[in-house]
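The sequence and structure come first.

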Amino acid sequence: QHCYILFHKFAALFQDAIINVSEYDRQLALRYKIAPAKKLFTIHNGIDAAGIKFLDKDSAREALLERIRNQESGIRNLRWIASVGRLVAEKNYETLIDAAAAMNDPSVAFFIIGKGPEERNLESRIRKHGLERRFHILKNMVPAAPYLKAFDVFAIPSVKEGLPYTLLEAMAAGLPIVATRTGGMPEVLEPERGIVVPPRDPATLADAIQKLAGDASLQKTLGANARTYVERELTLTQMIEKTTAIYNKLSLRTE
């Protein structure tokens, strides 16, 4: 970590501005004295929510079910919990698997859409917990965003994040979200657009998922709030305008 900090400090000497995708990242840069405050800016990631072609719930579920081997009878009618992302250590999918085991709820099915170097370890953990029939890893489904409305709850168990686009896409789909207190995720979810839990805490994650999965009214409220927020505050247009404004400001300095 020390070498990583030194590298960023050195690089910052040659940079006029450093854009952080979350206020969390900007504060971290200040804490480690990466650069003076006047060089550090926060611009949240933005997306074109209206441009995402979401499948309706039934069509999305049908498409995903076709990818599941030996699918169980009636799985399409269970409550579906999902996450999307690369299967890497910082995504901490082990905690999501452990949370599924802690819930021990046959009415709930779990899905991760993604691939990566942790795939074998995660599949081994799924088998260890005896979750093969209720926990599925789906690969080669890029982009994943069109399928999001298949799910009832979206979960992000990461231990390291900036502000992931998968979170913004889930918000645009109107999904109720459970995410860890990591990076910029609390900044866009709290206080009324999702549930935020500590990282590496399977029991608390399981409780939050169980609460959301069993409360249709809460699902609707959080999902609608999240969708409204991303459409108003986290747009691609806003991100471009804010970034352009910084470039223009720097340009004026050099004239």
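E161 sits in the loop that runs between β6 and α6 (165-172). The model is a predicted one. With a relative accessible area of 12%, E161 falls under the 20% limit and is therefore buried. Leaving aside neighbours within four places in sequence, the residues in contact with E161 are D25, K91, I156, T182, G183 and M185.

Two polar contacts involve the side chain of E161. One joins it to the side chain of K91 at 2.7 Å. The other, also of 2.7 Å, joins it to the side chain of S158.

The contact with K91 is also a salt bridge, with 2.7 Å from N to O. K91 lies in the loop between β3 and α4, and E161 in the loop between β6 and α6, so this pair ties together parts that are 70 residues apart in sequence. Both partners, E161 and K91, are buried.

Strands β3 (residues 79-84) and β4 (residues 108-113) run parallel and are joined by 6 bridges. One of the residues involved is R79, whose bridge partner in β4 is V108.

## Other salt bridges

The count of salt bridges comes to 9. Among them is the one between the side chains of R76 and E62, at 2.8 Å from N to O. R76 lies in the loop between α3 (57-65) and β3, while E62 belongs to helix α3, so the pair ties together parts that are 14 residues apart in sequence. Both ends fall in the middle class of accessibility: R76 is partly exposed, with a relative accessible area of 37%, and E62 is partly exposed at 35%.

A further salt bridge brings together the side chains of E119 and K139, with an N to O distance of 2.7 Å. E119 is in helix α5 (residues 119-128) and K139 in the loop between β5 and β6, so parts that are 20 residues apart in sequence are tied together by the pair. E119 counts as buried at 18% relative accessibility, whereas K139, at 33%, counts as partly exposed. Elsewhere, salt bridges that share partners join K57, R61 and D152 into one network.

## Aromatic pairs

There are 5 aromatic pairs. In one of them, the rings of F10 and F14 have centres 5.2 Å apart and planes at 70°; the angle is over 60 degrees, so the pair is edge-to-face. Both F10 and F14 are exposed.

W80 and F111 form a tilted pair, with 4.4 Å from centre to centre and 40° between the planes. This pair links distant parts of the chain, as W80 is in strand β3 and F111 in strand β4, 31 residues apart. Ring pairs link W80, F111 and F151 into a cluster.

A145 is placed in the loop between β5 and β6. At 8% relative accessibility, A145 counts as buried. Not counting residues up to four places away in sequence, A145 touches I52, F54 and E169.

A12 provides a point of reference for the position of A145 along the chain and in space. The two are 133 residues apart in sequence, and the distance from C-alpha to C-alpha is 35 Å.

Methods. Residues are numbered from 1 along each chain as its sequence is written. This is a predicted model: local features need pLDDT of at least 70, side-chain atom pairs count only at pLDDT 80 or more; totals for chains, interfaces and linings use all residues. Side-chain values use heavy atoms; hydrogens and water are left out. Two strands pair if DSSP finds at least two bridges between them. Helices (H or I, at least four residues) and strands (E, at least two) are DSSP runs, numbered from the N terminus. Buried means under 20% relative accessible area, exposed over 50%, partly exposed in between (1.4 Å probe, protein chains only). Contact means heavy atoms within 4.5 Å. A polar contact is a pair of N or O atoms within 3.5 Å; within protein, one must be able to donate a hydrogen and the other to accept it, and residues adjacent in sequence count only if both atoms are side-chain atoms. A salt bridge is a side-chain nitrogen of Lys or Arg within 4 Å of a carboxyl oxygen of Asp or Glu. Rings of Phe, Tyr and Trp (its six-membered ring) pair if their centres lie within 6.5 Å; planes under 30 degrees apart count as stacked, over 60 as edge-to-face and the rest as tilted.
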